[in-house]
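I open this notebook to record, entry by entry, what I looked up in one structure. Each entry gives the item examined and what I found.

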Amino acid sequence: MQLESIKNKLKTNSLFVSILIGFTGFLVFRYIPQTEPLRPVASFLVDSLPVSLFIILFFSFCKIEIKEMIPRRWHLSLAAVQILSTGFFVALLYYLKNDLSQEIKLLLEGTVICTIAPTAASAAVMTGKLGGNESSQTSYTIISNIIAAVFIPLYFPLICTTISGIFLDDFLLILGKIFPVLVLPLIFSIVIRIFFPKLLKLINRAKDVGFYFWLITLAIQSARIFESIANSTTGVFFMCMLFLIGFIITLLQFAIGKYFGQKEKQRISAGQGLGQKNTVFAIWIAIMFLSPVSAIVPSSYLLWQNLVNAVQMRIRAKDIKERREKGLEPYQE
């Protein structure tokens, strides 16, 4: 009984545990010289992140019916928020570029990255864990990634010089990053659904595989973020400002998503849709087109969004327990 209680607590706090493992891994590899022979293994794990994201989304797509992934009103609302909020901050950077200090410019660039960043592949997994509608949320994941692929090459020539400025070239560059992680798992899941129904049933029995892969991915990403922070030459005060901006944007996007989803009783799905971002992609975009310093904002966003998710999971576990004590089924959207 005690073992079962420990298991349930670990599951409820799994995101906290995953971040802690990432932090511990960072400390071990940074301060214990004897771990030097294991560094190739760590590099391999980092390089395998796209594969993990592919697997997470593949299992999510296999669990849902494609016909259920119909566009909803809150999808359009969140799409408008993603496009217009990014456009607003891009306009500030463009029209005030000669009047802004370097620090304010970097904070705004970090904000742009966090608002245009597409929904994470793992958002559907977390939505399901929280009792949300995975099919509806996955629909917005696709919409959000298409928006990022179109509007990053449209907006970014206004605020940086490292992008080519040729729309089709930039569009294909960004799409090349998104396609293997987003589109291929969808294609594979459709093929399996049509031609291999028995394999589909077998895959769907392993319902938590996507979630466990996300925990592994989170630990690896957390270790990378702590390492980048430790290697940064940014001052402590400005580093705190970058983290504060990430925190504010995280709370705002979760709150705005839940607000629009509430109207259609899709509060959980919409909150994850706008709040849970593909930070691996966001950090890559920041470093490639803007600045490594501005990449600290989406890096902090990864930690903040998973702390929000961890709190939501605790609330969810408490709600399930209370409902079962009353003889009720757990809440589902």
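**Entry 1. Nonpolar cores**

I began with the largest nonpolar core, which has 34 residues. A nonpolar core is a set of buried Ala, Val, Leu, Ile, Met, Phe, Trp, Tyr and Cys residues joined through side-chain atoms within 4.5 Å. Buried means under 20% relative accessible area, exposed means over 50%, and partly exposed lies in between (1.4 Å probe, protein chains only). I noted the residues with the most contacts inside this core: Ile113, Ile152, Phe156, Ile159, Phe281 and Ile285. Two or more residues come from each of α5 (73-95), α6 (102-116), α8 (134-155), α9 (167-195), α13 (267-275) and α14 (279-290). Helices (H or I, at least four residues) and strands (E, at least two) are DSSP runs, numbered from the N terminus.

I then found a second, separate core of 32 residues, which includes Val125, Leu218, Phe226 and Ile245. In soluble globular proteins, nonpolar side chains tend to be buried together.

I recorded the basis of these entries: the model is predicted, local features need pLDDT of at least 70, side-chain atom pairs count only at pLDDT 80 or more, and totals for chains, interfaces and linings use all residues. Residues are numbered from 1 along each chain as its sequence is written, and side-chain values use heavy atoms, with hydrogens and water left out.

**Entry 2. Surroundings of Ile159**

Which residues is Ile159 in contact with, leaving aside its neighbours within four places in sequence? I listed Val90, Leu93, Tyr94, Val112 and Leu290. Contact means heavy atoms within 4.5 Å.

**Entry 3. Aromatic pairs**

I looked up the aromatic pairs, of which the structure holds 15. Rings of Phe, Tyr and Trp (its six-membered ring) pair if their centres lie within 6.5 Å; planes under 30 degrees apart count as stacked, over 60 as edge-to-face and the rest as tilted.

Phe26 and Phe226 form a tilted pair, with 6.3 Å from centre to centre and 35° between the planes. This pair links distant parts of the chain, 200 residues apart: Phe26 is in helix α2 (residues 14-31) and Phe226 in helix α11 (residues 209-231). Phe26 counts as buried because its relative accessibility is 10%. Phe226 also counts as buried, at 18%.

Why is the pair of Phe156 and Phe289 edge-to-face? The ring centres are 6.3 Å apart and the planes stand at 85°, so Phe156 and Phe289 fall in that class. This pair too links distant parts of the chain, 133 residues apart, with Phe156 in the loop between α8 and α9 and Phe289 in helix α14. I noted that Phe156 and Phe289 are both buried.

One aromatic cluster is formed by Phe23, Phe26, Tyr31 and Phe226.

Is Ser299 buried or exposed? Its relative accessibility is 6%, so Ser299 counts as buried. Not counting residues up to four places away in sequence, Ser299 touches Ile225 and Ile283.

Helix α12 (residues 236-262) packs against α15 at an angle of about 50°, with the axes 8 Å apart. Axes are lines fitted to C-alpha atoms, for helices over the stretch in contact, and angles run from 0 to 180 degrees between N-to-C directions. The two helices α12 and α15 are therefore oblique to each other. Angles under 35 degrees count as roughly parallel, over 145 as roughly antiparallel, 65 to 115 as roughly perpendicular and the rest as oblique. Residues making this contact include Leu242, Ile245 and Phe254 of α12, and Tyr301, Trp304 and Val308 of α15.

I compared this with α13 and α15, which pack at an angle of about 165° with their axes 11 Å apart. That angle makes α13 roughly antiparallel to α15. Gln272, Leu274 and Gly275 of α13 meet Tyr301, Gln305, Asn309 and Gln312 of α15.

Lys265 lies in the loop between α12 and α13. Lys265 has a positive phi of about 55° although it is not a glycine. Most residues other than glycine have a negative phi. At 66% relative accessibility, Lys265 counts as exposed.

Ile104 is in helix α6 and is partly exposed, with a relative accessible area of 39%. Ile104 and Leu93 are 11 residues apart in sequence and 9.4 Å apart in space, C-alpha to C-alpha.
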